[in-house]
Amino acid sequence: MAFEKLYPIFHILFTLVFFVSGLITNLFQLLFFVLLWPHNKELFRKINYFFSYIIYSECVFLSDWWAGVQYYYYVDKEDYKYFGKEHAILIINHKYEIDWLTAWAITDRIGTLGNCKAFSKESLKYMPVMGWCWWFSEFLFLQRDLAKDKYTIENKLKLLFEYTSPVSMLLYAEGTRFTKEKHEASIKFAQTKGLPELKEHLLPRTKGFTIGLPHFRQNLPAVYNVQIVFKGDEKPSLKALLNGRRLEAHIYMERIPIEQIPVNDKECDKWMYNIYEKKDKMMVSFMNTGDWFKESGVSPYDKFVPPYRYGCIINMIFWSLIILVPFFYYVFKIFISGNLLHIILMTIPIGLLHVALSKLVSISEINKTSSSYGTDKQKIK
């Protein structure tokens with residue numbers, strides 16, 4: 001089976017199921033948005049939870065069921081009972097190409113995947129399937145200009161935490177994924193400002209969080225400090241998951257009650273820097289010893305593996321039957337017809353699926369991102 005996972009045809013079939021089911025789901029999102037949003041926003045949000053889950057869970061399927069990624073969690077048992085039962089902002093390190101997918105796997109385990117939100121680049125809302133789903137799901141699309149994004153941060157984020165069902169908001173405070181070049185720029189900036197010089201993280205951008213917090217803290221019970229590391233030589237990437245590589249992820253999660261976060265802007269900035277100093281010590285400890293706690297000075301938590309949720313694989317089986325059975329029947333009919341023109345025409349959409357998958361993988365690769373972190377193009381925030 002592992003050998004079969006390397007075949008491009010299986011990747012194309014997954015892409016076919018993902019895009020067709022995604023576009024059908026987008027159509028249902030549009031229909032319910034037109035019918036319900038003007039009259040009952042809360043009802044639309046509750047229904048849209050399941051539409052979002054359909055799309056996100058197909059990606060989580062790649063991680064949990066196709067590649068079989070092994071997730072180990074380190075969480076205080078008293079904290080864990082709150083997870084999935086309250087609004088929360090998850091402050092996550094941004095080191096790997098599949099940080100976003102790992103975060104979705106985390107929220108799936110705690111039961112908030114359909115209400116998982118994030119900040120995203122403005123241009124991504126035009127991307128079919130995922131971007132359209134994010135727009136219907138009230139993601140916060142930013143233009144990377146604080147003067148323009150201030151309204152979105154202050155007001156739209158406040159509306160998300162007025163949902164009656166728990167929302168998990170993903171926050172990558174570093175602003176972009178970790179690379180050697182960006183890390184060097186981060187160190188230089190920290191030295192000029194007298195800020196912490198982090199070894200395994202970029203210096204966090206604090207302004208967005210600090211500006212928005214006064215507007216939504218009354219509806220936000222807690223912030224979660226989430227730290228992700230992958231163990232082993234295999235590079236954590238979407239390509240590795242598609243090829244069935246069994247990765248090993250270790251996830252530290254700490255619940256921080258909102259009362260512990262300062263109200264004053266400067267103190268709030270300092271609090272964020274302190275969080276990242278702690279995250280950095282933990283990451284350095286894990287890199288050196290394979291343990292979060294040996295060299296970090298952080299109080300240890302027991303390691304455990306939360307149970308799988310079966311919604312992802314049930315959803316994937318359902319859509320695969322709906323889409324692939326007619327697809328294979330159609331392909332079979334074309335081949336037995338012997339019509340060369342029809343066979344050639346059939347290869348065109350298959351080729352387009354291959355291109356779409358290649359584009360999806362390319363977008364997720366660190367070395368192909370377009371962030372201007374640490375360059376002259378970066379705007380001063």
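These legends go with close-up views of a predicted model. Local features need pLDDT of at least 70 and side-chain atom pairs count only at pLDDT 80 or more, while totals for chains, interfaces and linings use all residues. Residues are numbered from 1 along each chain as its sequence is written, and side-chain values use heavy atoms, with hydrogens and water left out.

**View 1. The largest nonpolar core has 72 residues.**
A nonpolar core here is a set of buried Ala, Val, Leu, Ile, Met, Phe, Trp, Tyr and Cys residues joined through side-chain atoms within 4.5 Å. Buried means under 20% relative accessible area, exposed means over 50%, and partly exposed is in between (1.4 Å probe, protein chains only). Look for Y56, W104, L170, V226 and M253, the members that touch the most others in this core.

Another core, of 25 residues, lies apart from the largest one, and I89, Y163, M169 and I275 are among its residues.

**View 2. D108 and R309 meet in a salt bridge.**
A salt bridge is a side-chain nitrogen of Lys or Arg within 4 Å of a carboxyl oxygen of Asp or Glu. For D108 and R309 the N to O distance is 3.9 Å. D108 sits in helix α4 (residues 99-110) and R309 in the loop between β8 (303-304) and α11 (311-337), so this pair ties together parts 201 residues apart in sequence. D108 is buried, at 1% relative accessible area, whereas R309 is partly exposed at 37%.

**View 3. E154 and K150 pair up within helix α6 (residues 146-160).**
The closest N and O atoms of this salt bridge are 2.6 Å apart. The two residues are 4 apart in the helix, so about one helical turn separates them. E154 counts as buried at 13% relative accessibility, and K150 as partly exposed at 37%.

**View 4. E78 forms a salt bridge with K81.**
Their closest N and O atoms are 2.9 Å apart. K81 is partly exposed, with 45% relative accessibility.

**View 5. E42, R45 and E138 are linked in a network of salt bridges.**
A search of the whole structure turns up 12 salt bridges.
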